[in-house]
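User: I would like to go through this model with you. Could you take my questions as they come?

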Amino acid sequence: MDPSSSSSLPPSLHLAMAALLGASFMAISAFYIHRRTVDHVLHRLVELRRKPLAASDDDGGDDDDDDDDDRSGFGADDGETVAETKVRGYRGTLSRSVDYSSNALRSYRISSSMPNVVSAADWFQENPKNRASSLENLQFVPLGLPSLRTGSTTGESAQISYSYKRIASVGRINTPRSPGRNTFESAEDSDEEGTQLADDNRIPYSNTYGLNSSMCNLSAVPFRVEDANCAKNQMYGEVSKEVKAGADMNGDGITDSTSVHVAGDDHVFINNVLPARNTVQETTNIEEEEVCKMIRECLDLRKNYVYEENVPWKTELVETKSDPYHFEPVEATAHHFRMEDGVIHVFASKTDTEELFPVASSTRFFTHMHYILKVMSIGNARSACYHRLRFLEEKFRLHLLQKADKEFLAQKSAPHRDFYNIRKVDTHIHHSACMNQKHLVRFIKSKLKKEPDEVVIFRDGKYMTLKEVFESLDLCGYDLNVDLLDVHADKSTFHRFDKFNLKYNPCGQSRLREIFLKQDNLIQGRFLAEVTKEVLTDLEASKYQMAEYRISVYGRKQSEWDQLASWFVNNALYSKNAVWLIQLPRLYNVYKNMGIVTSFQNILDNVFIPLFEVTVDPNSHPQLHLFLKQVVGFDLVDDESKPERRPTKHMPTPAEWTNEFNPAYSYYLYYSYANLYTLNKLRESKGMTTIKLRPHCGEAGDSDHLAAAFLLCHNISHGINLRKTPVLQYLYYLAQVGLAMSPLSNNSLFLDYHRNPLPMFFQRGLNVSLSTDDPLQIHLTKEPLLEEYSVAAKVWKLSACDLCEIARNSVYQSGFSHQAKSHWLGGKYSLRGSEGNDIQKTNVPNLRISFRYETWREEMQYIYAGQANFPEDVDP
């Protein structure tokens, strides 16, 4: 800047610059003067504190660890001189941040921002003369930081007074533990790993926040492990509490007083024998214990009800290539059975009075069902189960973050296998809707073209040919198309189960349903058998897809069983890719109004008496005997959303149920279970196949449907209402009850696809599989099961490993034979965990199976307090 420009500046600016320069110089001078003064004062204070130590060091040597001279800094002893007392009084006026322990002050320097506990290995002796500056002689602590609470040096002159208080509104932020955190875990004064909110339930809360005359103050200055004896009194008290709590955990509530006394007096036992306390593994509180106890009781109730057959894989595999349509005469046994109060009782002979296979009474069942409903309604149980489910979900996400790439590499290393050539079972598909709509249109057109003069129905007082039926409807084969067929579910069926059922009528005509989709019609179900054969041919061509078809027995007359069996055998509908389930529509009120039945007992008689007859004497129903070899399950179907009265434990017997109202779902379910239980016991004793209870449940309606199914059923179809009941959802997870879910079907009836809980259930570890339900109404392609998988994979971003795991679950849930499952899953499929997995067969990595199994084991151990029993084999 030139002089001319400088002279042009106003005088006020010159004055301001001069003032700024002067103020800066004065501030710097004051800082250095203050710094020098503080250093001088601190040096003087330290010298005063070291004078007694210097005298003792001269007499007894340096750093005598056994020196007991006033390490805690409380008052003067009786033998002290006046000068020493004055020095102590002067020291008492210092800041609380200065540690009274001279050994600690001389031996270690630490930043006040770090945790106040360090490992004993980190301590070292240091010459005071080597300190870099006087500030390091004094360890500063933030003013608001509470002091470390410990006892006196000897454990006799000072006691710690504290009480446990629940602090709900204030969260305590914990700092990371030091390597020596175990030093104080017994005193409950160390924090959790990482910075997080501490547990509010048990917080040692001091009556006085700062230092008082009965408390050691070590503040932020660390100390050696051997100098930590001032915390012993607190530790002794906590040891006694731990011993008593351990006795209560064992259930007997008895405490050995001798062991408590020894634990309280033996210092070696305290420091070396007792394990350090870990707040992560603390004993659950009383509320959680009560919840775990209730969950255990619910699981034990299920074990008492669910029928468990003899493990089939304990026997040697025998290849059976016999003709499925050839009947070999079987000698009848002397068993006698009779129906009493809706349940069939079996005896060894007519003269015996002792029941062979007793089953739980209806009163007992409804009592237990209401107990589960009571557990479901308790707030503590709902909260605890919800948190456990969330924990399982987040645990799976963490697993994916860590192991997803490894799982993908494991799948790539498995030769030949991928999602397309692993076995997948459609665990829930109704036989009357097993074909897609385009297939049905083609079949109807072909029959109109090839068999127009076939007499197919008796309607309006006359027999009608197929051509006459279509003429009466003003239709011809050329006009027929998918839109005119009108069997596909649309927006009009949402929450309208009645309209959805009407979609079973092609072109909206019940006569076409009777001709093409019924097996008990004028032509003996020939058209339905032919279209079924075409579907089975497509199924066998795919090789890796299997199906479990559900076909109805209505309970209107006992001859329905023989008619169904003859339809199956005479039309040769056996396939190695398919098995069958029997579904019972819950239509008592309809039949009662029509005058077909007089009481609910009539339906039970019509459904179950033929099954016991063919079991005792197969020669009485030879075709039914052959058909039952392919039947693996029993189903209950109808609209669950209909309002119903929840049954009580004192319900009318089926013979007394003569009113026109339909019994509740759980009423149907119990009497189906009770008769199936007895039937399975009888069939198993004779070496015959058994029938499992696998009903529709939880698609809509009340939660008591799911509670009843939890007690009685092997697995269920749908189960989407589990999302509303965390207790039941957690129980279904622990028991690994199979859920055959159909998201596309739910999307047309009760729940939008994006709200379906299947991905949440899958992440949490529930035993879920994908199924089609009704391809005729729901799906558009020739392979509806693959369509179900593909939509789920795209919408929910399921990986190849996820899809293969769901497919593996479907095989486990299915009722196919042990020989078939061994071929599809591997010879050790019956073992739990990764030992039972063969990636060469399932394409599921052992990492995924191990994670699922170990997570389930941990949850069971949590519920059973470490006393859970785990069988080696999976449930058959």
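Predicted model: local features only at pLDDT ≥ 70, side-chain atom pairs only at ≥ 80, totals over all residues.

User: Which sheet does β16 belong to, and in what order do the strands come?
Analyst: The sheet is open and has four strands, ordered β14-β15-β16-β17, with parallel pairing. Its edge strands are β14 (696-697) and β17 (768-770), each of which pairs on one side only.

User: How many bridges join β16 to β17?
Analyst: Strand β16, residues 738-741, pairs with β17 over three bridges, in the parallel sense. Across this pairing, L739 stands opposite V768, and M741 stands opposite L770.

User: And how many bridges are there between β15 and β16?
Analyst: There are three bridges between β15 and β16, and the two strands run parallel. Here A740 of β16 has S717 opposite it.

User: Changing topic: what is the strand order in the five-strand sheet?
Analyst: The order is β7-β10-β11-β12-β13; this sheet is also open, with parallel pairing. Strands β7 (424-430) and β13 (692-693) form its edges, each pairing on one side only.

User: How many bridges hold the pairing of β11 and β12?
Analyst: Six bridges link β11 (residues 578-585) with β12 (residues 631-637), and the pairing is parallel. Within this pair, I582 is opposite F634 of β12.

User: Which strands does α16 touch there?
Analyst: Helix α16, residues 526-542, packs on the sheet and touches β10 (545-552) and β11. The direction of α16 makes about 155° with that of β10.

User: And which strands does α27 lie across?
Analyst: Helix α27 (residues 784-796) lies across β7 and β10, and runs at about 105° to β7.

User: Now a helix pair. At roughly what angle do α8 and α31 cross?
Analyst: The axes of α8 (residues 286-305) and α31 (residues 846-863) cross at roughly 110° and come within 9 Å. The two helices are therefore roughly perpendicular to each other.

User: Which residues make that contact?
Analyst: From α8 the contact residues are E288, C292, I295, R296 and L299, and from α31 they are M860, Y862 and I863. By type, the contact of α8 with α31 comprises six nonpolar residues, two charged and no polar.

User: Finally, the chain as a whole: how many helices and strands are there?
Analyst: The protein chain has 31 helices and 17 strands.

User: What percentage of its residues are buried?
Analyst: Of the 876 residues in the protein chain, 49% are buried.

User: And what share of the contacts joins residues at least 24 apart?
Analyst: Among contacts between residues at least 6 apart in sequence, 75% join residues at least 24 apart.

Note on methods. Residues numbered from 1 in each chain as written. Heavy atoms only, no water. Pairing = 2+ DSSP bridges. Contact = heavy atoms within 4.5 Å. Axes fitted to C-alpha atoms, helices over the stretch in contact; angles between N-to-C directions. Parallel < 35°, antiparallel > 145°, perpendicular 65-115°, else oblique. Nonpolar A, V, L, I, M, F, W, Y, C, P; charged D, E, K, R; others polar. Buried < 20%, exposed > 50% of the residue type's maximum accessible area, 1.4 Å probe, protein only.
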